[in-house]
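Please look over the model shown below before turning to the notes that accompany it.

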Amino acid sequence: MIYTINRFLILAICVMVAFSATSQTARHSVASPDGNLILSFSLTEEGVPTYKIDYKGIPVVKPSRLGMELNEENSLMDKFRINNATTSTFDDTWQPVWGDEKNIRNHYNELFVELEKPSNGRFMNFRFRVYDDGVGFRYEFPQQKYLPYFTVKAEHTEFAMAGDH
């Protein structure tokens with residue numbers, strides 16, 4: 001009986017460790033509304049945020065790093081973990097004040113990734129919007145206890161183009 005309980009406990013611990021490792025190295029993806037563009041986000045083994053973009057299965061932007069270097073010792077560049085990743089869709093039409101177009105369609109799919117740096121309790125988010133004809137993204141810094149204000153020393157956003165574009 002004790003042997004069976006110990007074996008079960010060891011199996012449960014192994015499953016939890018495997019699940020924890022998988023959730024941190026998981027790749028989160030979002031496609032454009034027409035499905036041709038696919039943006040993928042993941043963390044390297046060192047916890048560095050990266051993204052890549054494919055068009056109809058062909059790489060356009062190879063894995064590229066993201067991060068901010070702050071004017072202090074603990075920058076927002078590595079040792080992150082993914083707390084949450086969600087996708088959503090937006091489809092709206094708006095009318096510009098002037099121009100050739102009467103109506104402009106704003107249609108995209110979004111990937112929102114929430115990151116945490118456990119070593120210092122800091123948070124950083126990414127919001128990726130994938131349209132049929134392009135991709136946009138931004139860094140977001142939620143209000144947080146251990147980073148009430150900061151100065152950016154350097155931005156380390158990479159665009160590793162897959163060819164001579």
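## Basis of the model

This is a predicted model, in which local features need pLDDT of at least 70 and side-chain atom pairs count only at pLDDT 80 or more, while totals for chains, interfaces and linings use all residues. Residues are numbered from 1 along each chain as its sequence is written, and side-chain values use heavy atoms, with hydrogens and water left out.

## The sheet E1-E2-E3-E4

An open, antiparallel sheet is formed by 4 strands in the order E1-E2-E3-E4, where strands are DSSP runs (E, at least two residues) numbered from the N terminus and two strands pair if DSSP finds at least two bridges between them. Its edge strands, each pairing on one side only, are strand E1 (28-31) and strand E4 (58-65). Neighbouring strands of this sheet are turned by 15° against each other on average, direction ignored, with axes taken as lines fitted to C-alpha atoms and angles running from 0 to 180 degrees between N-to-C directions.

Within this sheet, strand E3 (residues 49-55) pairs with E4 in the antiparallel sense over 5 bridges, and Ile53 stands opposite Val61 in E4.

## The sheet E6-E7-E8-E9

A further open sheet has 4 strands in the order E6-E7-E8-E9, again with antiparallel pairing.

The antiparallel strands E8 and E9 are joined by 7 bridges, and the bridge partner of Phe126 in E9 is Tyr139.

## Aromatic residues

Rings of Phe, Tyr and Trp (its six-membered ring) are taken to pair if their centres lie within 6.5 Å, with planes under 30 degrees apart counted as stacked, over 60 as edge-to-face and the rest as tilted; by this rule the count comes to 12 aromatic pairs. The pair of Phe126 and Phe128 is stacked, because the ring centres are 6.0 Å apart and the planes lie at 25°. Phe126 also forms a tilted pair with Tyr139, at 4.8 Å centre to centre and 55° between the planes, and this pair links distant parts of the chain, since Phe126 lies in strand E8 (residues 122-131) and Tyr139 in strand E9 (residues 134-140), 13 residues apart.

Both Phe126 and Tyr139 are buried, a term that means under 20% relative accessible area (1.4 Å probe, protein chains only). Phe128 is likewise buried, with a relative accessible area of 0%. One aromatic cluster includes Phe41, Tyr51, Phe126, Phe128 and Tyr139.

## The nonpolar core

The largest nonpolar core has 23 residues, of which Leu39, Phe41, Leu115, Phe126 and Phe128 touch the most other members; such a core is a set of buried Ala, Val, Leu, Ile, Met, Phe, Trp, Tyr and Cys residues joined through side-chain atoms within 4.5 Å. At least two residues of this core come from each of strand E2 (37-43), E3, strand E5 (68-70), strand E7 (104-117) and E8.

Leaving aside neighbours within four places in sequence, the contacts of Leu115 (heavy atoms within 4.5 Å) include Phe41, Leu43, Phe80, Ile82 and Phe126.

## Glu116

Glu116 has its place in strand E7 and counts as buried at 13% relative accessibility. Its side chain makes a polar contact of 2.8 Å with the side chain of Arg81 and another of 3.0 Å with the side chain of Asn83, a polar contact being a pair of N or O atoms within 3.5 Å of which, within protein, one must be able to donate a hydrogen and the other to accept it, while residues adjacent in sequence count only if both atoms are side-chain atoms. Not counting residues up to four places away in sequence, Glu116 touches Lys79, Phe80, Arg81, Asn83, Arg122 and Phe123.

Notes. Buried means under 20% relative accessible area, exposed over 50%, partly exposed in between (1.4 Å probe, protein chains only).
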